[in-house]
Amino acid sequence: MGSGIAQLALQQGLRVTLRDVEDGLVREGHMTVEKGLESAETGGYVDDAGALLDRLETTTEVAALADADAAVEAVVEDLDVKKQVFRDLETTLGDDALLCTNTSSLSVTEIASAVGDPERVVGTHFFNPPVKMRLLEIVRGHRTSERTVARAEALGDALDRETVLVEDVPGFATSRLGVALGMEAARMVQEGVASAEDIDTAMRLGYNFPMGPLELGDQVGWDVRVDVGEYLAEELGREVYRPPQNVKRMVRAGDYGRKTGRGFYGYDDGDGNDRGNDDE
């Protein structure tokens, strides 16, 4: 997700520093952005991918972010990891820098508790892939200031995203609805109600969804969905979010979706459907 957000920012004319914890991950992120920009140029969305890539810097050092106007954290959905990232950002960036978390469900308020000035922390939940998905869900933590919200909305405008503002409740607006739908669709496959293909087709054609709930789960990654679903089930006390056994089996087998080549569908080089996987 971080690479996708970086590509989006580059395409909108911003300078970007992409930071990760290991050189190999930094190289991988750079290659992902480069490939994405080349694809955008081929599709006619940008004129010069190379010129845009020249505005990208990569690093493993937090100190390289010192002059940033805003930082968008997009690490694993783990509160302890995110809190440490924000401690590092607070001690490195200027006092006026905007501190954003891309969490899809975790408490922005709890993440912000790691810093001395939680008023400057806000949720900026992008959607995958960021260059194609127009929504930016802005999440106001308990201590997030109105100025910070306004600056997050201005960042969304600069990135040409449509913003919605939600309060800091488990799952926010989008994950709370999307995870419930995805888990119920998976349960329907498990119970033999219909195949994954037919469920997705029904939602695309019957409800005008651009992507079915199982296709979307494959896109996001069922490993992520399981973690978020368990978290929401505990926080909200509702079993509708609890992952069914067929999803748990897929994740235990390493079949997370598109990123591993197989989920409810199979993928050829991560680029398209070639077989179903709805017999669990």
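**Charges and rings**

Visitor: Where does aspartate 48 lie?
Guide: In this predicted model, aspartate 48 sits in the loop between helix H2 (23–42) and helix H3 (49–53).

Visitor: Which residues form the negative surface patch?
Guide: Glu38, Glu41, Asp47, Asp48 and Asp54 make up the negative surface patch.

Visitor: New topic. How many aromatic pairs does a search of the whole structure find?
Guide: The search finds two. In one, tyrosine 207 and phenylalanine 209 have ring centres 6.3 Å apart and planes at 70°, so that pair is edge-to-face.

Visitor: And tyrosine 207, buried or exposed?
Guide: Tyrosine 207 counts as exposed because its relative accessibility is 60%. Phenylalanine 209, at 30%, counts as partly exposed.

Visitor: What about tryptophan 222 and phenylalanine 264?
Guide: Tryptophan 222 and phenylalanine 264 form an edge-to-face pair, with 5.3 Å centre to centre and 65° between the planes.

Visitor: Where in the chain are tryptophan 222 and phenylalanine 264?
Guide: This pair links distant parts of the chain, 42 residues apart. Tryptophan 222 is in helix H10 (residues 222–236), while phenylalanine 264 is in the loop between helix H11 (245–252) and strand S8 (265–267).

Visitor: Are tryptophan 222 and phenylalanine 264 buried or exposed?
Guide: Both tryptophan 222 and phenylalanine 264 are buried.

Notes:
Residues numbered from 1 in each chain as written. Predicted model: local features only at pLDDT ≥ 70, side-chain atom pairs only at ≥ 80, totals over all residues. Heavy atoms only, no water. Patch = residues over 30% accessible without salt bridge, like charges linked within 9 Å, V, L, I, M, F, W, Y side chains within 5 Å. Areas by Shrake-Rupley, 256 points an atom, 1.4 Å probe, with all protein chains shown as cover. Salt bridge = Lys/Arg side-chain N within 4 Å of Asp/Glu carboxyl O. Lys, Arg positive; Asp, Glu negative; His and termini not counted. Charge placed at Lys NZ, Arg CZ, Asp CG, Glu CD. Helix = DSSP H or I, 4+ residues; strand = E, 2+ residues; numbered from the N terminus. Phe/Tyr/Trp six-rings, centres within 6.5 Å; stacked < 30°, edge-to-face > 60°. Buried < 20%, exposed > 50% of the residue type's maximum accessible area, 1.4 Å probe, protein only.
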